[in-house]
Amino acid sequence: MWRVPLFDLTLGDEELKAVERVLRSGWLTMGEVTREFERRFAEFLGVRHAIAVANCTAALHLANRALGIGPGDEVICPALTFVATANSVVYTGARPVFADITGLDDLSISPADIEAKITPRTRAILVVHYAGYPCDMDPILEIARRHGLRVIEDSAHAPGAEYKGRKCGTIGDVGCFSFFSGKNMTTGEGGMVVTDDDELAERIRLMRSHGMTSLTLDRYKGHSFSYDVVELGYNYRLDEMRSALGLVQLTRLADNNDRRRRIHALYRERLRSVPGIRVPYSDPVGTPVHHIFPVILDEDISRRAFMGEMKARGVQTSIHYPPIHLFEFYRRAFGFREGQLPVTEEVARREVTLPLYPSMDESDVAYVCDAILESIGVEVGL
């Protein structure tokens, strides 16, 4: 259907063979392959603990729970993110408090607005490394230190991104990653929670699998004959097939991230002189990994019409994201309304996401940019 889709998977024979080995082994639930995936992911990040889970939503939920967040508490987070970021707070009975983003060039959560939103009920700050660009973590960590708050990093977009020599996800108290099919590395579904805190890691491991003191694999190996349940837990385990995929995908991540950087540079160069288009993050902090390529349309360009023109030319586009605080559920449950996050709402009205994936080549980028010129020409009457 699409001449250039929004994203495409980079899979090969190695992934097929890795999954086949698991299927032939006869052990499909969480086991030794998952443990090896956790070990290698922790090694890649330079962190003490990596705990594989069913998806990033589960990772975020476990992070909030492990930090003791619950009814009556508040967690500050952005609204320009996928709804799971805020949902993970709501699952605990706590209230998400949305801080605005920094500006049209920096779509990350604003440290100044984080501080403005702190109340006696605030327990944590949940940052999102939007589009694979690291947040400016130093001022956020300083705010957290002064107010005695914990920091959760939603790094779903940012495996391999770095801030001042540290990998995103390892800078706060807990980091959460996504391996959804459109991410920089994929297991189809799946996620990872990472931390250097031994106590938090132990709580997360317990809650991942029903709060049980031993796992199926432990009992199979004869290490235990029964179990106790010591935490309210969940069935958030990752299976062996996905872990096998993850092990292979992790070996591809650095090269694929480098390819994303080159594609991003081609886009930025081609779009520099295109009227009606702003490319954010002109001076990013740290080293991004370019999960998506967001652009901001000029105010006088209809986004719906522009996206329709791109579709007519075979180019898939998307929106990242409709702001969470204006979803009907969040309006009804918490009383959020228009005007509370003016910069977020402005960006959310004008943002369009262009195709970006490692197997794109220069001709794909040229085709997309030509389609943009034609589509904007239709819009502004050129």
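Ile296 has Glu351 in β12 as its bridge partner. That pair is a handy place to start in this predicted model. Four bridges join β12 to strand β11, which spans residues 293-297, and the two strands run antiparallel.

Stepping back, these strands belong to an open sheet of three, ordered β10-β11-β12 with antiparallel pairing. At the edges sit β10 (277-278) and β12 (351-354), each of which pairs on one side only.

Now look for the helices that meet this sheet. Helix α9, residues 240-271, packs on the sheet and touches β11 and β12. The direction of α9 makes about 20° with that of β11. Helix α12, residues 342-350, lies across β11 and β12 as well, and runs at about 50° to β12.

Let's turn to the cavities.

What is the volume of the second largest cavity? The second largest cavity has a volume of about 40 Å³. You can find it by picking out the residues that line it: Pro78, Leu80, Ile101, Leu107, Ser108, Ile109, Val128 and Tyr130. Here the lining of the second largest cavity has seven nonpolar residues, one polar and no charged ones.

Definitions and conventions. Residues numbered from 1 in each chain as written. Predicted model: local features only at pLDDT ≥ 70, side-chain atom pairs only at ≥ 80, totals over all residues. Heavy atoms only, no water. Pairing = 2+ DSSP bridges. Contact = heavy atoms within 4.5 Å. Axes fitted to C-alpha atoms, helices over the stretch in contact; angles between N-to-C directions. 1 Å grid on protein atoms, 1.4 Å probe; cavity = no way out; pocket = protein on both sides within 12 Å on 5 of 7 lines; lining within 4 Å. Points joined across faces, edges and corners; volume = space filled by probe spheres on them. Nonpolar A, V, L, I, M, F, W, Y, C, P; charged D, E, K, R; others polar.
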